[in-house]
Amino acid sequence: LIFLFATACSFPEPRTSPPLLVPTTITSSTATTLAPENFPSSPPETEIGLPPVFSFESTIDRAQPFRSLQHFCRPKQALDQVNEALWTVVALQPEQKALKDFGFPPTPSAALSPFIDALNRCGDVSGHLLNLEIVEVAVLAGLSPSLHELQDASCLAASHFSPVVVIDAFGFQNTGTRCAELLSDTVVIAAQGSTPDAGVLLSDAPLNEDLLHETALTVAQWDPSGDAEVMVIAPDQPALADLINRELVEPLRSLGFSLRVVSYACQGGALCSGQAKLAAEAIALHKPTLVLPVLDALSFPPFLRELNLSPVPPPVILSGVGDPLRFIDAALLPPESVVLNFSLPSEMSSTLTPFDALCLRIADQDLDSFNTTQAKAWVKSCAMVRWVARFLDAAGPESTPVERQFAALALGPVDAPGMLPGWFSSDHRGRPETITVTLLPPLAS
């Protein structure tokens, strides 16, 4: 059973007190030119069309620069119109050895290159060619130096390039948010993040606080009586722990829920999976009726394995913070669990859209593979680079950092994988228009 409801688009930034939550009914809502001759000339065998549910074409003026579905960027400009000063784009790349050890696919940072190259082949973006620099960020850490300290070092390394934008395409451990705070005059684009205390961050996913806010609403709708015994599994990473307390724990307590918080002791690092057995033991001891694990793609799979060892594991509600289902099938969750996501259900995402096709051709990828994880990573990178081109073009060739930030916050509707509806504005910094709430069926009798 799937419900859709609109993402809140005007959260105060930052929130200073928990939102007042009132149980409500979940209801549906409706939510540069690389010339054609440079693309494969033969027509694709895969049919290209629009998603069957969402089409927000009327909100995007395809005649404007960097919005066409036939061409990625502007027609080639004369070389004497190009400023000799390069604009630098920094991509944050997760530590490669750690990713390989944990079986992760290649980092999406490398997937930015063909689209940056395509822009430069077009001639310029607002009179400048773009230069891509890669800065490695830690995935794992210990007590000293801590993950937070290693993130700071990576963000400061990025600042040495004086970038016009920093892209955190992997979106792990809130690194993008930290860089937005330290590089407060630079636009940061991240796969996922929280509202920074300073600076401008645009998130391809709903902001973490929005997801936690919707999780609290979902709990209230899951049990309107407020009788459920709720257990929150939360990492002890300082910024995220504070966010979970403000946006999830305190609102639920204000509604009268009996709440127990189990802290995942990450010991200053990112990998909290060593705590999975202890968390499962706490669940077995206290027997909650509902579990809210706020764990990322590294920490959630071990926790789920331990949880499923229980004869009757309690249902869970996944907020989507940290993309916990990146490598886990939702069918492995306990019966009656709930998943909050920000993409179309799989049965609605089987159409190759014109934007997907445009991006895959530039990346020289097989169009028939468009529904694979790797292909979607290419299209996501393509979309992010196009956002960058749009706001740099709007800001102008002699723009200041502040002017570029204002231009980024005025992007409005943007292209995304699957051509799903979404936009950016000063009070809507998490792109998706909707959050998908999926309720898994009860255990068959």
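Mentor: One term before we start: a helix axis here is a line fitted to C-alpha atoms over the stretch in contact, and angles run from 0 to 180 degrees between N-to-C directions. Also, keep in mind that this is a predicted model.
Trainee: Okay. At what angle do helix 7 and helix 8 pack?
Mentor: About 40 degrees. Helix 7 covers residues 276–286 and helix 8 covers residues 300–307, and their axes are 8 Å apart.
Trainee: So what do we call helix 7 relative to helix 8?
Mentor: Oblique. Angles under 35 degrees would count as roughly parallel.
Trainee: Which hand does the crossing of helix 7 and helix 8 have?
Mentor: That crossing is right-handed.
Trainee: And which residues make the contact?
Mentor: Helix 7 brings Ala276, Lys277, Ala279, Ala280 and Ile283. Helix 8 brings Pro302, Phe303, Glu306 and Leu307. By class, this contact of helix 7 with helix 8 has seven nonpolar residues, two charged and no polar ones.
Trainee: Switching topic. What about helix 5 and helix 6, how do they cross?
Mentor: At roughly 15 degrees, and the axes come within 9 Å. Helix 5 is residues 208–222, and helix 6 is residues 238–254. Helix 5 and helix 6 are therefore roughly parallel to each other.
Trainee: Left-handed or right-handed, as helix 5 passes helix 6?
Mentor: Right-handed.
Trainee: Who meets whom between helix 5 and helix 6, and what classes are they?
Mentor: From helix 5, Asn208, Glu209, Leu212, His213, Thr215, Ala216 and Val219 take part. They meet Leu243, Ile244, Glu247, Leu248, Pro251 and Leu252 in helix 6. The residues of this contact divide into eight nonpolar, three polar and two charged.
Trainee: Now strands. Which residues of strand 5 are buried?
Mentor: Val187 and Ile189 on one side, Val188 and Ala190 on the other. Both faces of strand 5, residues 187–190, are covered.
Trainee: In what sense does strand 5 pair with strand 4?
Mentor: Parallel, over four bridges. Strand 4 is residues 165–168. Ile167 stands opposite Ile189 in strand 5.
Trainee: Last one. At what angle do helix 10 and helix 11 pack?
Mentor: About 125 degrees, with axes 8 Å apart. That makes helix 10 oblique to helix 11. Helix 10 supplies Phe391, Leu392, Ala394 and Ala395, and helix 11 supplies Glu403, Arg404, Ala407 and Ala408.
Trainee: How many of those are charged?
Mentor: Two, alongside six nonpolar and no polar residues.

Note on methods
Residues numbered from 1 in each chain as written. Predicted model: local features only at pLDDT ≥ 70, side-chain atom pairs only at ≥ 80, totals over all residues. Heavy atoms only, no water. Helix = DSSP H or I, 4+ residues; strand = E, 2+ residues; numbered from the N terminus. Parallel < 35°, antiparallel > 145°, perpendicular 65-115°, else oblique. Left-handed = near helix turned anticlockwise from the far one by under 90°. Contact = heavy atoms within 4.5 Å. Nonpolar A, V, L, I, M, F, W, Y, C, P; charged D, E, K, R; others polar. Buried < 20%, exposed > 50% of the residue type's maximum accessible area, 1.4 Å probe, protein only. Pairing = 2+ DSSP bridges.
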